[in-house]
Amino acid sequence: MPPRGPMRAPAKPKNAKGTFKRLLDMMKEHRGQLLLVVLCIIVTTGVSSFGTYLLKDVYTIIGDLAAEYSLTGVMPALTGLTNLLITMAAMYLASVACSYVQNRTMMMVSTRALNSVRKKMFHHMEDLPIRYFDQRTHGEIMSRYTNDTDTLREFFSSTFPQAVNSMLAILFALFFMLRLSGWLTLLVIILMPLMTVITKNIGARSGKNFVAQQKAVGALNGFIEETMEGQRVVQVFCHEEKAMEEFGKRNEAVRVAGTRAHTFASLLGPIMNNLSHCNYVLVTLVGVIMIIAGKNNPDSIFALQIATLLAFLPMIRQFSQPISNLAQQFNTVMQALAGAERVFELLDEPVEEDQGYVTLVNAKKDEKGNIVESESRTGLWAWKHPHHDGTTTYTELKGDVVLEDVTFGYVPEKTVLHNISLYAKPGQKIAFVGSTGAGKTTITNLLNRFYDIQGGKIRYDGINIQKIKKDDLRRSLAMVLQDTHLFTGTVRDNIRYGKLDATDEEIERAAKIANADFFIRHLPQGYDTMLTGDGANLSQGQRQLLAIARAAVADPPVLILDEATSSIDTRTEALIEKGMDSLMKGRTVFVIAHRLSTVRNSQAIMVLENGRIIERGDHDSLIAQEGKYYQLYTGMFELS
């Protein structure tokens, strides 16, 4: 297996503007609902600012009432005040209704957007090459589905509408402030450049640390996932203290990055609020001076009415508060950009390339004995090979595999296999023997085209496998790995995973071939027993038998057994050998085994060392050579 790459060091977003643009592009899919949200925000922010603006008339009427001593003068003023208050109440009720519609609609948009993002991530992940998963921990990948997408949920449901709300509130407040007093408005916006500089500088530092926090969380999740999977190993070797120490380091990295990010982000709010208070005091002082000046000179351009100042002062809050909110939302925006960048990194990973054009089809033989394509299932399969001249040939699927001078390395600078050549005819059992890292599993990875070779050729029924579509190639193969994996579902469903349209009879027949039928029928619900936690309610040997049954139901021409019986005791192994022998009839079988007793009946045994075949032959001939295989078999040398 290739080595997993190191966790990348924290860095700034590579393209913050591009990431933000892609977030907005995602929201275009919901443009109709977003338009409704924006309209609701316009109503709510407009009503808030206009209601404050109308306070000028309210204060003016109240002032007139205070100065009026006759009943005939008071009644019209009271009528005007009542009508004005009713109008304002209706406006605020409409604002409340719009706020409800806005929040409900935005929540629907955010959940649907996240549903779409996760769906795209999962579909894309299924098309990624095995190399991607070999080089990353599962926890780090899972972090993109959980922590990183959660930041997107916060952005869609809260940050985006609040940002739009704040920007519109600023515009409405500025408009009505100008209507009240241009001089006081000019005074308010004097501090705007200072606010902008502070937001930009602190926001940049906050964003850098939010990226670091998201990556540290991914690394922490990867470590937790690995520790959970290997908890037995941790306890057997008394590695708990070391594991806790390593966890502490990674957890501390998350804390440090999070503390720095939130410290810078939390500075924005208090700074902006204090600047707003300074603005409020300054405007009040200047407004009082203008009122005094207006009494002495009513025609002066600086004259100001008390009612105007009283209405203008709350407008300052409506102008500065959205600016402060925008600054505080920078926190969430930076988190969303950091999370979105990691999500887009997964979505931008190049998918598994497949330039194959040879496909696997149902076939039959015509009157002349030629293989032709069949519309119905016949049990006969053939490779459909279109040619450049427009003709098509059909080659019967038999499982004839040939490797010609194959050279391969997981990374270009390190070759793992050196000029490997071998052939396997249908019905033959080929065994690979050698130390860990000799290249045994690598060969089976190449047969599946999980990785593509750098040199040489691999032919399948005479066809270069690079010409065969990967899905069709893998349909013709079945693998039983040392590390079994069972899915949540019934025993029957797990066996059917090898052939999704298998009947119950086919499933039970496959279980009998693997000698799994006996123990399955003794389970509480037999074949309908639910398995959870990767088959935690079964023994390791039973899980291995189900994996073998899964391969048996697929009924492939080529079978790969990678330490398939390593977790089965010798008694169970003896029981399944008869079933395996019947399964292997007429099939090409590649076996990787440390237990050499399982490969004695192989037609050819390949002894690998450092990526080279150093010995080959059947059991008897290799024993007669008294070479490496002889040493392994007689115990003079042990596999590592």
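1. The lining of the second largest pocket is made up of 9 charged, 6 nonpolar and 3 polar residues. The structure is a predicted model, and the pocket's volume comes to about 410 Å³. Closest to the pocket's centre, out of 18 lining residues, are P129, R131, E352, E353 and K470.

2. The next point concerns helix 1 and helix 5. Helix 1 covers residues 16–27 and helix 5 covers residues 138–180; their axes come within 12 Å and cross at roughly 75°. Because angles from 65 to 115 degrees count as roughly perpendicular, helix 1 is described as roughly perpendicular to helix 5.

3. Which residues make this contact? On the side of helix 1 they are F20, L23, L24, M26 and M27. Helix 5 contributes L152, F155, F156 and F160. By class, the contact of helix 1 with helix 5 has 9 nonpolar residues, with no polar and no charged ones.

4. A second pair is formed by helix 14, residues 504–513, and helix 16, residues 540–554. Their axes come within 8 Å, and the crossing is at roughly 125°. The crossing of helix 14 and helix 16 is right-handed.

5. Where do helix 14 and helix 16 meet? Helix 14 supplies E506, I507, A510, A511 and I513, while helix 16 supplies A549, A552 and V553. The contact of helix 14 with helix 16 divides into 7 nonpolar residues, 1 charged residue and no polar ones. Glu counts as charged, so E506 is the charged residue in this contact.

Key:
Residues are numbered from 1 along each chain as its sequence is written. This is a predicted model: local features need pLDDT of at least 70, side-chain atom pairs count only at pLDDT 80 or more; totals for chains, interfaces and linings use all residues. Side-chain values use heavy atoms; hydrogens and water are left out. On a 1 Å grid over the protein atoms alone, a cavity is a set of points where a 1.4 Å probe fits but cannot get out, and a pocket is an open set with protein on both sides within 12 Å along at least five of seven lines; lining residues have an atom within 4 Å of a point. Grid points are joined across faces, edges and corners, and a volume is the space filled by probe spheres set on the points. Axes are lines fitted to C-alpha atoms, for helices over the stretch in contact, and angles run from 0 to 180 degrees between N-to-C directions. Helices (H or I, at least four residues) and strands (E, at least two) are DSSP runs, numbered from the N terminus. A crossing is left-handed if the near helix is turned anticlockwise from the far one by less than a right angle, and right-handed if clockwise. Contact means heavy atoms within 4.5 Å. Angles under 35 degrees count as roughly parallel, over 145 as roughly antiparallel, 65 to 115 as roughly perpendicular and the rest as oblique.
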